[in-house]
Amino acid sequence: MKFIELIVRRLLFSFAVAAFVTVNFNDGTTTVKEIAPITWGVTLLLFILSWRIEKEFIQLFLKKDADDMSIWGEFEKKYPKLSAVTWQMVITLGAIHVTYLALDLLGVIEVNGQRVELFFYAILVTIVFRLIDQHTYRKK
């Protein structure tokens, strides 16, 4: 299940960046089917290249620092499984929210009136990922 979650996150982030870059090609878009082919092409290109970006992201944010005396550092030492799952949930929530913003920018959905509903939907998706695969965490 971790593999599926990684693929979904990479797809969402790739689509969001592609939508932000190619927003001018998508004037008058009201459905996902009307999104310009160049957006889908850039999404595919970014998705193919995103494996390296994800490696850098993991090294940057999920590094082990033995001297980290912050509240989060102490939490990671005390509960390594829970902290890894928390990071995965935060990253998945971020991917979903950035995709909502990209779809709002393209005119496919209106986010302003539905922020609370979309937030709960994003939390539900991340919880489902965590319930299906409860044993996904960073190994020491």
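Visitor: In which helix does Leu44 lie?

Guide: This is a predicted model, in which local features need pLDDT of at least 70 and side-chain atom pairs count only at pLDDT 80 or more, while totals for chains, interfaces and linings use all residues. Residues are numbered from 1 along each chain as its sequence is written, and side-chain values use heavy atoms, without hydrogens and water. Helices (DSSP runs of H or I, at least four residues) and strands (runs of E, at least two) are numbered from the N terminus. On that numbering, Leu44 belongs to helix α2.

Visitor: Is Leu44 buried or exposed?

Guide: Buried means under 20% relative accessible area, exposed over 50%, and partly exposed in between (1.4 Å probe, protein chains only). The relative accessible area of Leu44 is 52%, so this residue counts as exposed.

Visitor: What is the area of the nonpolar surface patch that includes Leu44?

Guide: A patch takes residues with over 30% relative accessible area and no salt bridge, joining like charges within 9 Å and nonpolar side chains (Val, Leu, Ile, Met, Phe, Trp, Tyr) within 5 Å. A salt bridge is a side-chain nitrogen of Lys or Arg within 4 Å of a carboxyl oxygen of Asp or Glu, and areas follow the Shrake-Rupley method with a 1.4 Å probe, with only the protein chains shown as cover for residues. Leu44, Leu45, Ile48 and Leu49 together make a patch of about 400 Å².

Visitor: Which residues of α1 are buried?

Guide: Helix α1 has 20 residues, and its first and last C-alpha atoms are 29 Å apart, close to the 28 Å expected at 1.5 Å a residue. That expectation is 1.5 Å times one less than the number of residues. The buried residues of α1 are Glu5, Arg9, Arg10, Ser14, Phe15, Ala16, Ala18 and Ala19.

Visitor: What distance separates the end C-alpha atoms of α4?

Guide: Gly107, with a positive phi near 90°, follows α4. The 27 residues of α4 should span 39 Å at 1.5 Å a residue, and the distance between the end C-alpha atoms agrees, at 39 Å.

Visitor: How far apart in space are Tyr100 and Leu118, C-alpha to C-alpha?

Guide: Tyr100 is in helix α4 and is buried, at 10% relative accessibility. Leaving aside neighbours within four places in sequence, its contacts are Ile109, Val111, Leu118, Tyr121 and Ala122. Tyr100 and Leu118 are 18 residues apart in sequence, and their C-alpha distance is 8.1 Å.

Visitor: What separation is there between the C-alpha atoms of His97 and Ala122?

Guide: His97 is likewise in helix α4, and its 26% relative accessibility makes it partly exposed. Neighbours within four places in sequence aside, His97 is in contact with Phe119 and Ala122. Along the chain His97 and Ala122 are 25 residues apart, yet their C-alpha atoms are separated by 7.4 Å.

Visitor: Where does Thr22 lie, and is Thr22 buried or exposed?

Guide: Thr22 is in the loop between α1 (2-21) and α2 (37-61). Its contacts, neighbours within four places in sequence aside, are Ile38, Thr39 and Val42. With 2% relative accessibility, Thr22 is classed as buried.

Visitor: What share of the residues in the chain is buried?

Guide: The chain has five helices and zero strands. It exposes about 9,300 Å², of which carbon and sulfur atoms supply 70%. Of the 140 residues in the chain, the buried share is 31%.

Conventions. Contact means heavy atoms within 4.5 Å.
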